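Me: I'd like to go through this structure with you, one bit at a time. Can we start once it's up on the screen?

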Amino acid sequence: MFLLINSQVERMMQVLSIKSGATTKECPSLGKLIVLTGPSGVGKGTLLRALLTRHPELYYSVSATTRQPRPGEIDGKDYYFTSRSQFEKLVANGEFLEWAEFAGNYYGTPREAVLSQIRAGKSVVLEIELEGARQIRESFPSARSIFILPPNLVELEQRIRGRGQDPEEAIARRLRRAEEEIKAANEFEVQIVNDNFEKALGAVEAAMYQQLAEVES
Ligand code: 5GP
């Protein structure tokens, strides 16, 4: 049982069960889990939003983060924005399916919200960074994965800078991390280069539905 600190955590609690610790073995895979990963700035968030518009049957898991909200981001919709101490309590209580530290902030996937959607037969999509994707692969071997690549590093840097929302130090960290993440692309079942948005979206859609069909067969 964990302590409710403020309204953000209360809202998060509405989708998290107090008691957690379920594993895939306890939770037969009725629905399916798809992991979309790739470096920051590669456009996976934009691809995901387009995918959700086209496929409202998919469930998008809203993550928790200790990062400050960017202009326009809404608590509970884009992320559950929490403090580090709140996040650490949630980690200690086993409330995350996976979590990682990225560019100085914590990010995590609420466990129970995802598992209950899967139990209900829904396909769930996670949009997460490399370390979290690796954790999912370990704990959820039946999950399918797609890695989004930038056309090149110069373009990626332009995209990260073009957002104009992150401080210089965060941009530098994200770029360093991006190089590491790109090296791990081969760990994932499908790699898609996001050089043309419509083409990349079509490829993600095709890969995702092919992977979902494979899980069924
Ligand atoms: P941003 O700060 O740009 O929103 O996200 C930074 C990175 O964290 C992105 O690569 C994003 O995919 C990843 N991320 C978002 N939510 C989660 C999560 O719940 N777990 C993990 N491991 N990474 C996440």
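**Working through the model**

Reply: Strands here are DSSP runs of E with at least two residues, helices are runs of H or I with at least four, and both are numbered from the N terminus. This is a predicted model, where local features need pLDDT of at least 70, side-chain atom pairs count only at pLDDT 80 or more, and totals for chains, interfaces and linings use all residues. Residues are numbered from 1 along each chain as its sequence is written, and side-chain values use heavy atoms, with hydrogens and water left out.

Me: OK, is Thr66 buried or exposed?
Reply: Thr66 counts as buried, because its relative accessibility is 9%. Buried means under 20% relative accessible area, exposed means over 50%, and partly exposed is in between (1.4 Å probe, protein chains only).

Me: And what does the side chain of Thr66 reach?
Reply: It gets to the backbone nitrogen of Tyr106 at 2.8 Å. The Thr66 side chain also makes a polar contact with the side chain of Asn105, at 3.4 Å. A polar contact is a pair of N or O atoms within 3.5 Å; within protein, one must be able to donate a hydrogen and the other to accept it, and residues adjacent in sequence count only if both atoms are side-chain atoms.

Me: Switching topic: what's the strand order in the open sheet?
Reply: The order is β4-β3-β6-β5, four strands with mixed pairing. β4 (80–81) and β5 are at the edges with a single partner strand each, so one side of each has no neighbour in the sheet. Two strands pair if DSSP finds at least two bridges between them.

Me: How many bridges do β5 and β6 have?
Reply: Six, in the antiparallel sense. One of the bridge pairs is Phe96 with Pro110 in β6.

Me: What's in the loop between β5 and β6?
Reply: Ala103 is there, between β5 (96–102) and β6 (105–110). The phi of Ala103 is near 45°, a positive value in a residue other than glycine. For background, most residues other than glycine have a negative phi.

Me: Now β1, why is it called largely enclosed?
Reply: Because six of the six residues of β1 (residues 32–37) are buried. Lys32, Ile34 and Leu36 point one way, while Leu33, Val35 and Thr37 point the other way.

Me: Which strands does β1 pair with?
Reply: β1 runs parallel to β7 (residues 123–127), with five bridges joining them. β1 also pairs with β8 (residues 144–149), again parallel, over four bridges. Val35 has Leu126 as its bridge partner in β7, and Thr37 has Phe147 in β8.

Me: Last topic, the ligand. Which residues come nearest?
Reply: Ser63, Arg67, Tyr79, Tyr107 and Glu127, out of 16 residues around the ligand. A residue is near a molecule if one of its heavy atoms lies within 4 Å of it.

Me: What about the oxygen atoms of the ligand, which side chains are by them?
Reply: An N or O atom in the Ser63 side chain is 2.6 Å from a ligand oxygen. For Arg70, a polar side-chain atom lies 3.0 Å from an oxygen atom of the ligand, and for Arg174 the distance from a side-chain N or O atom to a ligand oxygen is 2.8 Å.
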